[in-house]
Amino acid sequence: MTLATLMVSVDLGAAAADRIQLAAGLAARFGARLSGVAACPVPIPMPVGEALLLADDLYASEEERAREHLAGAKALFEREAGGIAARSWHAGLGSPSAFLAEQARGADLVLVGRQGPSDGDPGPLGVSAGIVLMEAGRPVLAVPPGLERLDARRVVVAWKDTREARRAVRDALPFLAGAERVHVVAVGAEARRGGAEGVVAYLSAHGIAATAHLLPGETLGAADSLLGFAALEEADLIVMGAYGHSRLREWAFGGATRDILRTTPICCLASH
């Protein structure tokens with residue numbers, strides 16, 4: 001398996017340039033086409049009284065501002081991904097998350113920014129990793145701020161015997177095939193019965209050497225246990241299934257999924 005098409009979310013936040021560089025590095029590594037994607041909502045004025053006559057002018061002004069944001073995002077993408085000849089740009093007016101999820105039909109992997117509490121405001125072009133994960137039908141790579149390269153030499157697979165985790169392992173095969181070390185890690189009281197050894201055998205059938213690890217998880221919790229193990233092994237990529245459900249038009253994640261997506265210091269490939 002390989003990655004033929006990569007798609008990166010482009011916004012005007014401080015972390016966007018590094019994210020594009022990381023995406024461009026992966027595109028070069030896999031010989032893939034790289035697409036930059038951005039969308040900007042246009043606020044609809046709600047005029048009353050005499051201001052009703054100015055509604056069209058107000059909307060035109062907001063649309064012009066949105067197009068200026070998109071032009072800035074395109075310039076950023078072209079500058080940071082300039083070394084990739086096979087690249088394309090996709091922009092639209094509307095919800096950034098919905099537009100990216102729609103465009104993801106043409107991607108093998110979608111790259112978005114991590115959404116931590118101290119990661120800064122990506123501006124009006126910022127996307128929700130949750131919406132993209134749940135609606136795109138593609139694996140999503142969450143990239144923390146400050147990372148401009150992903151080697152994926154040491155990979156931690158967060159294993160739980162679910163459909164989402166099985167899909168994540170399969171989606172990550174292009175990365176796992178090039179890794180120096182792959183650790184399949186199950187956490188919690190049910191870890192021994194979770195089938196981690198079966199995943200190791202599955203990866204072996206694909207020519208990938210991996211080891212299984214069972215962590216108790218009672219003291220730290222699943223997310224902290226996984227992140228602590230990844231730090232101990234000097235891993236640079238976590239692979240996991242994303243567990244969540246729709247609630248009032250927003251995506252509510254399970255605790256480990258939410259915590260890892262918000263705090264992971266390394267890239268995280270998640271599938272739903």
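How many nonpolar, polar and charged residues are in the lining of the largest cavity? I looked this up and found 9 nonpolar, 1 polar and no charged residues. For these classes I took Ala, Val, Leu, Ile, Met, Phe, Trp, Tyr, Cys and Pro as nonpolar, Asp, Glu, Lys and Arg as charged, and the others, Gly among them, as polar.

Ground rules. I worked on a predicted model, in which local features need pLDDT of at least 70 and side-chain atom pairs count only at pLDDT 80 or more, while totals for chains, interfaces and linings use all residues. Residues are numbered from 1 along each chain as its sequence is written, and side-chain values use heavy atoms, with hydrogens and water left out.

Cavity. I counted 1 cavity of 30 Å³ or more, and the largest holds about 30 Å³ of space. A cavity here is a set of points, on a 1 Å grid over the protein atoms alone, where a 1.4 Å probe fits but cannot get out; lining residues have an atom within 4 Å of a point. I listed the lining as S9, V10, V37, A38, A39, P96, F99, L100, L125 and V127. Strand 2 (33-40) and helix 3 (96-103) are the elements that give two or more residues to this lining. Both are DSSP runs numbered from the N terminus (helices H or I, at least four residues; strands E, at least two).

I then turned to the second largest pocket, with a volume of about 280 Å³. Of its 20 lining residues, R19, R114, D119, G120 and P122 are the closest to its centre. A pocket is an open set of grid points with protein on both sides within 12 Å along at least five of seven lines. Its volume is the space filled by probe spheres set on the points, which are joined across faces, edges and corners. By class I noted 8 nonpolar, 7 polar and 5 charged residues in this lining.

Salt bridges. My search of the whole structure gave 12 (side-chain nitrogen of Lys or Arg within 4 Å of a carboxyl oxygen of Asp or Glu). R19 pairs with D11, the closest N and O atoms being 3.4 Å apart. D11 is buried at 4% relative accessible area, and R19 is buried at 5% (buried is under 20%, exposed over 50%, partly exposed in between; 1.4 Å probe, protein chains only). R87 and E78 form another, at 2.8 Å; R87 is partly exposed at 25% and E78 is partly exposed at 28%. For R166 with D161 I also noted 2.8 Å; R166 is exposed at 51%, whereas D161 is partly exposed at 41%.
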